[in-house]
Structures are given as C-alpha cells and as structure tokens.
Amino acid sequence: MKKSLIVFIFVVFAIGFSFAQEAEIASADTENAENKIALEYAEYLFEDGFVKGNNAKKIAGLSPFLTPAQRENLYEENEKSGVAPFLLNLLLGFGIGSFSQGDTTIGYLQLWGDIVGYGLMVPGMIITQKAAEDLETSPAGTTLVTLGSLITLGVAIPAYIRAWTFTAHTNKKMRQALQVDENGKAVSASEKKNSLSVSFAPIIQPISDEYGLMARISF
C-alpha cells in the first residue's frame, strides 16, 4: 500500500513537472515571437520616418517588448545629426536640409522665402546692371535687391538654427521612446519610478496586411 502511494505521488509529481516545463518552453517561445515581431515592426517604423505621423508613439509602445541591447542598437542606428541639414540649408537653401530631417514647417518657410527673395533679387540685379551700363542709377532695382536679400536672410537664420534644435528634440524624443539615457544606454527597470507597468502595442504588417495586438505586464 505504501509502495503504491509512493509510486502514485511520484507519477503525479513527474506529470506536474513535465507540464511546468512545457509551459515554460511555450512561454519562452511566445516571448521570442513577440520580440521578433516587435523588432521588425520598430525597424519598419524607423525606415518610414520616426517623426512621421504617430510612428514615435508606436515605437514607444513597442519598446517594452525589445531587449536592452536591441533598444540601444536602434538608437545608435537612427540617432540624428544636425550637420547635414545645416549644410544643405546653408549651401543650397530652399529648405532642403529641413525637409531631409522631416521638419516640413521650417522647410516650407525657407522654400517660399527663397522663392520670393530670389524672385525679387534677380530682376532687381538685372535692372541695376542695365542702369549702370547706361550710367544711370536705379532706385527700383536697388530696392528690389535689398528687399529680396532681407527676405532670404530672414528665413535663412531660423532654418540654420532649427537644423540643430530639431535634431536635438528628435533625439530626445527617440531616447524617451526607446527608454535609453543620453549616452544611448538602456534604462533598467529598477531606474523607473513605477514598479508595475502594463504595455500594449498594436502590430501592423503593411506587406502582408496583418494586424494584431501585443500586451505585457512587467514588474
């Protein structure tokens, strides 16, 4: 009787241990699948444009499903620099640098400002040059050149400054979305103020036209 009871207990324990292992494996597989989907979707959103639409908010929702190393790599790969936009706005103008970094507001400001400004300067210079050839002065030509120069300068200054401030703001917002510090290092759970967090992330696969929702509770 005692032997039968011992065998029965052993069998029950073995079955329970087996179920626990299977549940642990299934849980690990689910987490790996969620992580893979979240990483692929986050990479797609960065390619689409971090500042475009609600992409920044979507990436913030995906962040809890990514590993610290993945968040650090995403920030390192997508961190912005203000050098290229500044040089493009300085050398080419017409808001090209601002458009390249997604800052359409200043992009359109410099674009239309340069169109109007050069639209006044070019005829003004032609009039002034023709008057000089005739040994005459042309107040109208001088006025057009002066006015056009002031307009182009007026839109150029904020475009130059904004190339740097927009970059800094974008990088700060990116760090917040990916939960990394100013050095690009992932912020650990112990550094967060709240010990309990519930995360939801909608998943959209534009190629296969599939939709879903991931949820995670972390302590």
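Which side chain meets that of Lys52 in a salt bridge? The partner of Lys52 is Asp48, with an N to O distance of 3.2 Å.

## Basis of the description

The model is predicted, so that local features need pLDDT of at least 70 and side-chain atom pairs count only at pLDDT 80 or more, whereas totals for chains, interfaces and linings use all residues. Residues are numbered from 1 along each chain as its sequence is written, and side-chain values use heavy atoms, with hydrogens and water left out.

## Salt bridges

The structure holds 2 salt bridges, the term meaning a side-chain nitrogen of Lys or Arg within 4 Å of a carboxyl oxygen of Asp or Glu. In the pair of Lys52 and Asp48, Lys52 is partly exposed at a relative accessible area of 47%, and Asp48 is partly exposed at 30%; buried stands for under 20% relative accessible area, exposed for over 50% and partly exposed for values in between (1.4 Å probe, protein chains only).

Arg162 forms a salt bridge with Asp103, their closest N and O atoms being 2.8 Å apart. Because Arg162 lies in helix α7 and Asp103 in the loop between α5 and α6 (104–133), this pair ties together parts that are 59 residues apart in sequence. Arg162 is partly exposed, with a relative accessible area of 30%, while Asp103 counts as buried at 3% relative accessibility. Helices here are DSSP runs (H or I, at least four residues), as are strands (E, at least two), numbered from the N terminus.

## Aromatic pairs

Rings of Phe, Tyr and Trp (its six-membered ring) pair if their centres lie within 6.5 Å, and planes under 30 degrees apart count as stacked, over 60 as edge-to-face and the rest as tilted. By this rule the count comes to 6 aromatic pairs. In the pair of Phe86 and Trp164, the ring centres are 5.6 Å apart and the planes stand at 40 degrees, so the pair is tilted. This pair links distant parts of the chain, with Phe86 in helix α4 (residues 83–91) and Trp164 in helix α7 (residues 139–178), 78 residues apart.

Ring pairs also link Phe86, Tyr160 and Trp164 into a cluster, in which Trp164 counts as partly exposed at 41% relative accessibility.

## Backbone at two loop residues

Most residues other than glycine have a negative phi. Phe94, although not a glycine, has a positive phi of about 60 degrees; Phe94 is found in the loop between α4 and α5 (96–100) and is partly exposed, with a relative accessible area of 30%. Gln179 likewise is not a glycine and has a positive phi of about 60 degrees, and Gln179 lies in the loop between α7 and β1 (197–205).
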